[in-house]
Amino acid sequence: MWKVAMSEEVGKALQSVVERVNQAAARRPKTLPAVPPRLVAVSKTKPPEMVVEAYRQGQRNFGENYVSIIYATIPLNEKNVETDCVLVSPHQVNELVDKASDPVILESCPEIKWHFIGHLQKNNVNKLLGVPNLFLVETVDSAKLADRVNSSWQRIRGASTQRLKVMVQINTSGEQSKHGLPPEETVNTVKHIVSQCSALHFLGLMTIGRYGYDLNLGPNPDFQMLLSRRQEVCDSLKLPPEEIELSMGMSTDFEHAIEVGSTNVRVGSIIFGNREYPNSAANTPNPSPAPSPAPSPEKTSKQVSEEAAKKMKHLTVS
């Protein structure tokens with residue numbers, strides 16, 4: 001019963017998001033590169049069975065935030081009346097490594113493409129690059145990290161000439177809680193990767209941006225910042241805009257991101273449902289009563305994005 005319900009819910013949610021992605025792309029100004037947006041389904045904390053179900057529905061690109069985390073396992077063959085699962089004691093799990101190497105995923109999803117979208121520490125580079133079907137590392141945020149990824153990939157690929165796709169993460173909002181390069185370092189870092197990291201293929205720029213921006217105020221300034229940095233890179237390296245992708249937009253703002261030029265959006269909870277994290281009440285002895293949940297911004301994101309789309313008809317983005 002759980003698997004049947006999961007199949008129906010994931011299928012409907014994924015189809016809805018795909019339709020919204022296509023509709024947002026149709027609203028883009030003709031002045032922007034006509035690059036079809038890529039949907040990355042963010043499956044962090046979700047079981048392999050959910051990944052397989054989304055794959056069966058046609059999804060190929062999946063994203064994970066963690067190489068190594070402390071995570072509570074969720075056996076799918078036992079049931080709890082409140083959670084439909086049993087949470088056992090936490091232990092060290094390499095989430096992306098284990099998920100990508102899961103026999104069910106390897107057998108059922110031969111064309112899967114894994115995106116790493118979390119903060120990458122140097123001591124986890126070798127572990128990450130050993131992930132089966134790794135497609136793209138979206139969060140290179142320094143020349144030193146690029147050098148480490150480059151040298152590690154040269155060793156791992158052996159005689160192969162295949163280059164690893166990478167994006168440079170930019171901290172467009174200036175928040176200390178966010179990782180990424182200061183915007184003014186974008187061009188020099190990209191130049192370093194292109195000229196000094198022969199095993200890497202620079203694919204584009206990525207940002208997270210400030211959470212909860214009110215689109216009624218106009219286009220998201222963090223997204224506009226990424227657009228302007230792309231133009232600087234294009235001018236400096238003499239590249240056309242369509243050759244530099246932009247990864248921006250998540251569950252609450254992916255439609256607006258596509259409308260202003262995103263070619264890669266990272267959507268998780270509205271496809272797979274809310275995530276379960278290690279220190280949840282289910283894992284805490286005598287937990288304090290949980291506060292009443294605030295209304296999810298995802299419920300209003302579609303309405304807000306449609307309102308913003310009307311403004312976009314009069315906006316030209318370079």
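**Close-up views of a predicted model**

**View 1. The chain as a whole.** Among contacts (heavy atoms within 4.5 Å) between residues at least 6 apart in sequence, 68% join residues at least 24 apart. This is a predicted model, in which local features need pLDDT of at least 70 and side-chain atom pairs count only at pLDDT 80 or more, while totals for chains, interfaces and linings use all residues. Residues are numbered from 1 along each chain as its sequence is written, and side-chain values use heavy atoms, with hydrogens and water left out. The chain has 11 helices and 10 strands; these are DSSP runs, helices being H or I of at least four residues and strands E of at least two, numbered from the N terminus.

**View 2. Helices H7 and H8.** The axes of H7 (residues 186–196) and H8 (residues 221–237) come within 9 Å and cross at roughly 50°. Axes are lines fitted to C-alpha atoms, for helices over the stretch in contact, and angles run from 0 to 180 degrees between N-to-C directions. H7 contributes Thr186, Val187, Val190, Lys191 and Val194 to the contact, and H8 contributes Arg229, Glu232, Val233, Ser236 and Leu237.

View 3. Glu245 lies in strand S9 (residues 245–247). Glu245 counts as buried because its relative accessibility is 13%; buried means under 20% relative accessible area, exposed over 50%, and partly exposed in between, with a 1.4 Å probe and protein chains only. Leaving aside residues up to four places away in sequence, Glu245 touches Arg38, Met167, Leu203, Gly204, Leu205, Thr263 and Asn264. From C-alpha to C-alpha, Glu245 and Leu203 are 6.0 Å apart in space, although 42 residues apart in sequence.
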